[in-house]
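Hi there,

Here is the structure I promised to pass on to you. Have a look at it first, and my notes follow below.

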Amino acid sequence: MASLLVTGGAGFIGTNFVHYWLKQHPADTVVVFDALTYAGNRHSLPAPGTHPRFHFVHDNICNTASVIEVMQAHRTDTLVHFAAESHVDRSITGPDTFLETNIIGTHSLLKAARRVWLEMPKEQGGPFPEHRFHHVSTDEVFGSLTPGLPGSDEHAPYAPNSPYSASKAASDHLVRAYARTYGLHTTTSHCSNNYGPYHYPEKLIPLTITHILNEQAIPVFGDGQHLRDWLYVTDHVRAIARILQQGTPGETYNIGGHNVLTNTDVVHRICSEMNHAFAARPDLHQRFPQARAAQRGQAQSLVRFVDDRPGHDRRYALDTRKIQVELGFVPQIAFDEGLRTTIDWFLANQAWWREMTNH
């Protein structure tokens with residue numbers, strides 16, 4: 001049995017990881033440590049008392065003493081670090097929060113892990129326990145790739161172009177330094193763009209869905225030809241689970257979805273799926289009376305091209321051969337399948353996303 005501390009577990013990817021792990025490993029202890037900032041939602045997680053080995057701690061990862069206390073209380077042997085400020089637009093207008101959470105917060109967790117897993121056992125004369133600190137990072141640390149060039153592998157040079165990606169790059173380096181300097185057992189993963197249930201509605205896919213349902217303009221930056229690889233969130237958490245169970249300490253793994261599309265393609269696919277859903281399901285007309293464009297089969301009429309954001313990276317791409325060859329992981333969900341599942345989830349969970357957008 002394992003005991004996991006999941007930081008940022010009330011956010012999008014963290015929530016999906018918690019549900020997946022509890023289902024796959026019901027005998028394990030899972031403790032979510034989350035500050036419940038605007039993108040976190042306690043209601044996304046199991047309700048109190050519904051799972052005997054699930055616990056929730058409302059606190060900030062920068063509170064090192066609290067992290068140490070929780071790790072000791074639950075005899076944590078695995079820390080999965082999702083907690084991060086992640087929206088590029090917000091990092092441009094307010095970078096300070098990104099540096100505080102992504103850099104100082106990650107260092108706080110590393111200090112706590114070093115204290116609990118390395119220093120305390122040495123002081124007590126016992127062996128170092130088996131442990132793992134897994135750090136969740138992003139393909140954005142590698143910067144924008146020229147069209148036609150191969151994807152970035154795990155040894156590619158860093159070239160972050162936004163305060164967000166720069167803060168994540170710094171946190172990656174801290175994790176590597178703690179592994180090399182102190183012997184902390186760490187792994188790091190870089191993922192491409194995620195999508196799926198519980199996705200906060202400021203990001204492209206959930207924003208497009210909710211704007212169609214609210215009859216609002218759908219903003220598309222610049223010419224809409226920015227290329228991204230889309231990874232269904234369940235595939236992502238499966239990959240992290242594989243790294244935790246089979247990955248080599250000290251190693252980094254890239255995780256991609258093998259679904260490369262322009263932003264315009266993504267938006268138009270969503271519009272097409274929403275038009276089809278409203279044509280096939282009369283109940284949606286009653287539940288979303290304001291979604292007039294979708295009711296007419298013209299959701300695409302809401303698309304508006306807007307000024308590009310500063311420093312907007314043109315193309316991200318990852319070379320994911322390492323995780324496939326060494327750990328046998330390949331994504332299972334094609335984009336169209338994942339998109340339909342995501343849309344169905346947002347149609348069925350109106351109360352959840354309306355609560356989130358009212359923050």
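Let me begin with helix α6 (residues 204-213), which is mostly covered, with nine of its ten residues buried. Those buried residues are I205, P206, L207, T208, I209, T210, H211, I212 and L213. Just past the end of α6, E215 adopts a positive phi of about 55°. Please keep in mind throughout that this is a predicted model.

Next, the sheets. Seven strands make up an open sheet with parallel pairing, and their order is β3-β2-β1-β4-β5-β6-β10. At its edges are β3 (54-58) and β10 (252-255), each of which pairs on one side only. On average, and ignoring direction, neighbouring strands in this sheet are turned by 20° against each other. If you want to look at one pair within it, take β4 (residues 78-81) and β5 (residues 132-138), which pair in the parallel sense over four bridges. V80 has H134 of β5 as its bridge partner.

There is also an open sheet of three strands, ordered β7-β9-β11, and here the pairing is mixed. The edge positions belong to β7 (193-195) and β11 (260-262); each has a single partner strand, so one side of each is left without a neighbour in the sheet. Within it, β9 (residues 227-232) and β11 run antiparallel and are joined by three bridges.

On the α4 side, the contact is made by P95, F98, L99, N102, I103, T106, H107, L110, K111, R114 and L118. On the α5 side, the residues are P163, Y164, S167, K168, A170, S171, L174, V175, Y178 and Y182. By type, the residues of this contact divide into 13 nonpolar, five polar and three charged.

That is what I have for now. Happy to go through any of it with you.

Best wishes

Terms used:
Residues numbered from 1 in each chain as written. Predicted model: local features only at pLDDT ≥ 70, side-chain atom pairs only at ≥ 80, totals over all residues. Heavy atoms only, no water. Contact = heavy atoms within 4.5 Å. Helix = DSSP H or I, 4+ residues; strand = E, 2+ residues; numbered from the N terminus. Nonpolar A, V, L, I, M, F, W, Y, C, P; charged D, E, K, R; others polar. Pairing = 2+ DSSP bridges. Axes fitted to C-alpha atoms, helices over the stretch in contact; angles between N-to-C directions. Buried < 20%, exposed > 50% of the residue type's maximum accessible area, 1.4 Å probe, protein only.
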